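Please read what follows with the sequence and the structure side by side.

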Protein chains: 2
Amino acid sequence: MNSIEFYFDFSSPYGYFASTRIDGIADRYRRSVDWRPYLVGTAMKATGHQPMFRTPMFDDYVRIDVPRFARLLGVPFQLPESFPVVASAASRGFYWLKEQDAGTARRFAAGTFHAFFGEGRDISRPDELRRIADDCGVDGARFLEAARDPEVKRLFKEKNDEALAKGVFGSPFIVVDGEPFWGADRLDQVEKWLATGGW
Amino acid sequence: MNSIEFYFDFSSPYGYFASTRIDGIADRYRRSVDWRPYLVGTAMKATGHQPMFRTPMFDDYVRIDVPRFARLLGVPFQLPESFPVVASAASRGFYWLKEQDAGTARRFAAGTFHAFFGEGRDISRPDELRRIADDCGVDGARFLEAARDPEVKRLFKEKNDEALAKGVFGSPFIVVDGEPFWGADRLDQVEKWLATGGW
């Protein structure tokens, strides 16, 4: 069975929400999840959109919708003072970890989301990334080094380009057997798609 | 109890989807629905967005998501050849009808959505609007006259400005006791909000 492709941006609250549910959904259908951070900002060059928190009218709405969504899911949430960040270092380090062990990379991703949206820590800061890595049993100093490595930068650029080439433009963006689903509000449809094989 | 404010654009497929469910949801909580067509295009001047069907990357996605959503709901759907239209005449006529009888206006709105997305008829054409009005027991010729009346134009402009001033920018956009919900994918949250009084 194909893995479920889970595209997200570490700086996206809706990506965070999906990250708290996607593995549980996949488990119920004996599927694995391939976590794939990328930078939504790079897709915005094509779409012409701005982040919702900076778009007139949308900004007022997401300040209501995002915390309300968090309360509905029952997940810890705050809008970090540093929000939004460009989460390149976290994303690069993620793919470096993934080349060694996908499980560790996944734990690092969940830890990063939790640090940012659960605890309000600034995940663009090296000291925070180091702590998150350490907490996953990864050598934090080596993690930071890897996140600056030109080879790892190249690897992440490749992953990012690949996402865009597949038509990924939002966070979360989930692909099940070639079928795309955009948004944390599509998770129920994702689950139904897995249960029924599509409709 | 306040009515549920249901803002939509007749040219929006997601607005159509919501229109097939909103009254049923409201009924279960003994609420009424105040149908309020407006032109999303006027909000786009503030948001800087383009219609999704004309936005790179989003366009490929909505061509999959929209028919898939229709199949999930089990509602008749096609993307009309004339899509998208500027649905000013239908919206103006709606508010003229509403001043006389809200129930007739609601039937006209449901008929308009069905004609457009269910049958693919061009709802920007006077002859189609006339048929839709006739089918609701309204004098179609008078309807067309009203839709051209400067007083009715002024009334619709007022309603449209009022929506924008309230922060409405999408379709559907639903307000329950001051709480805004954007998107056909928020209907389950709307229902839960009505059931629980909020969370």
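**Where the two chains meet**

In this predicted model, 14 residue pairs are in polar contact between chain A and chain B, counting pairs in which both residues have pLDDT 80 or more.

Of the area that chain A buries against chain B, 22% is supplied by A:Met57, A:Tyr61 and A:Arg68, which is more than any other three residues supply. Charged side chains also meet across the boundary, where 6 salt bridges are counted between chain A and chain B. One of them joins B:Arg68 to A:Glu179, whose closest N and O atoms lie 3.0 Å apart.

**The sheet in each chain**

Turning to chain A, the reader will find an open sheet of 4 strands in the order β2-β1-β3-β4, with mixed pairing. Because β2 (33–37) and β4 of chain A stand at the edges and each has a single partner strand, one side of each is left without a neighbour in the sheet. From one strand to the next, the twist averages 20°. Strand β1 (residues 4–8) of chain A pairs with β2(A) in the parallel sense over 5 bridges, and A:Phe6 stands opposite A:Trp35 in β2(A).

Chain B likewise holds an open sheet, in which 4 strands follow the order β2-β1-β3-β4 and the pairing is mixed. Its edge strands are β2 (33–37) and β4 (179–182) of chain B, each of which pairs on one side only, while neighbouring strands are turned against each other by 20° on average, direction ignored. Here strand β1 (residues 4–8) of chain B and β2(B) are paired in the parallel sense over 5 bridges, and B:Phe6 has B:Trp35 in β2(B) as its bridge partner. The sheet of chain B also leads back to the contact between the chains, for α4(A) packs on this sheet and touches β3 (173–176) and β4 of chain B, its direction making about 95° with that of β4(B).

Terms used. Residues numbered from 1 in each chain as written. Chains lettered and ligands numbered in written order. Predicted model: local features only at pLDDT ≥ 70, side-chain atom pairs only at ≥ 80, totals over all residues. Heavy atoms only, no water. Buried area = accessible area lost by both parts, 1.4 Å probe. Salt bridge = Lys/Arg side-chain N within 4 Å of Asp/Glu carboxyl O. Polar contact = N/O pair within 3.5 Å; in protein donor to acceptor, adjacent residues only side chain to side chain. Pairing = 2+ DSSP bridges. Helix = DSSP H or I, 4+ residues; strand = E, 2+ residues; numbered from the N terminus. Axes fitted to C-alpha atoms, helices over the stretch in contact; angles between N-to-C directions. Contact = heavy atoms within 4.5 Å.
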